[in-house]
Amino acid sequence: MVENLNEIAKKAHDCAVRRGKISLIDEENNFHRDLLNEVAEVFNAEGKKSSHIEHFSDFEEELADVILVAMSTLNHFGSDIDALIKAKMDFNQIRND
Ligand SMILES: [Mg+2]
C-alpha cells in the first residue's frame, strides 16, 4: 500500500516523539536548530556507504533526515503536507526565476 505524505509524516513525528527528538510541548522544541543540524550532517557526509541503512550512502541518509525532520515539523503544526507540496509544485511550475 502506498502511503501519502501525511501518513509518512505522522509516522516520522510519532517516532521523533518516542525518541525524545520532538516534545509535545512546543516551548521545548527548536525546529529551526534541528533542521539546521540535519543540513549540517548532509554537508559532513562523505558519500560513503551508510553504516545504518543498506544500499544507500551517508549522503542519501542525511538528506532523508532533512526530509523527515521537515515532514515531522509540518505534521507537528498540523499542515496538510500533500496539499502543501502540490500547491508549492504548482506554483514552481509557473515561475521563471
Ligand atoms: Mg542525520
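Before the metal site, a cut-off: I count N, O and S atoms within 2.8 Å of the metal as donors, and water is not among the atoms, so the site may look incomplete. I also keep in mind that this is a predicted model.

Entry 1, the metal. I looked up which residues hold the magnesium ion: the protein donors are Glu38 (OE), Glu41 (OE), Glu62 (OE) and Asp65 (OD), at 2.0 to 2.3 Å from it. Along the sequence I read their spacing as E-x2-E-x20-E-x2-D.

Glutamate 62 and aspartate 65 both sit in helix H3, three residues apart, or about one turn of the helix. That spacing made me recall a general point: an α-helix has 3.6 residues a turn, so residues three or four places apart point the same way. Buried or exposed? Glutamate 62 counts as buried because its relative accessibility is 12%, while aspartate 65 is partly exposed at 24%.

I checked the length of H3 (residues 58-76): its 19 residues should span 27 Å at 1.5 Å a residue, and the end C-alpha atoms are 26 Å apart, so the two agree. Cover for its buried residues includes helices H1 (5-18), H2 (31-44) and H4 (81-93). Just past H3, I noted glycine 78 with a positive phi of about 75 degrees.

What I did find is a 2.7 Å polar contact between the side chains of glutamate 61 and serine 50.

Technical notes: Residues numbered from 1 in each chain as written. Predicted model: local features only at pLDDT ≥ 70, side-chain atom pairs only at ≥ 80, totals over all residues. Heavy atoms only, no water. Helix = DSSP H or I, 4+ residues; strand = E, 2+ residues; numbered from the N terminus. Expected span 1.5 Å × (residues − 1). Contact = heavy atoms within 4.5 Å. Donors = N, O, S within 2.8 Å, 3.2 Å for Na, K, Ca; no water. Buried < 20%, exposed > 50% of the residue type's maximum accessible area, 1.4 Å probe, protein only. Polar contact = N/O pair within 3.5 Å; in protein donor to acceptor, adjacent residues only side chain to side chain.
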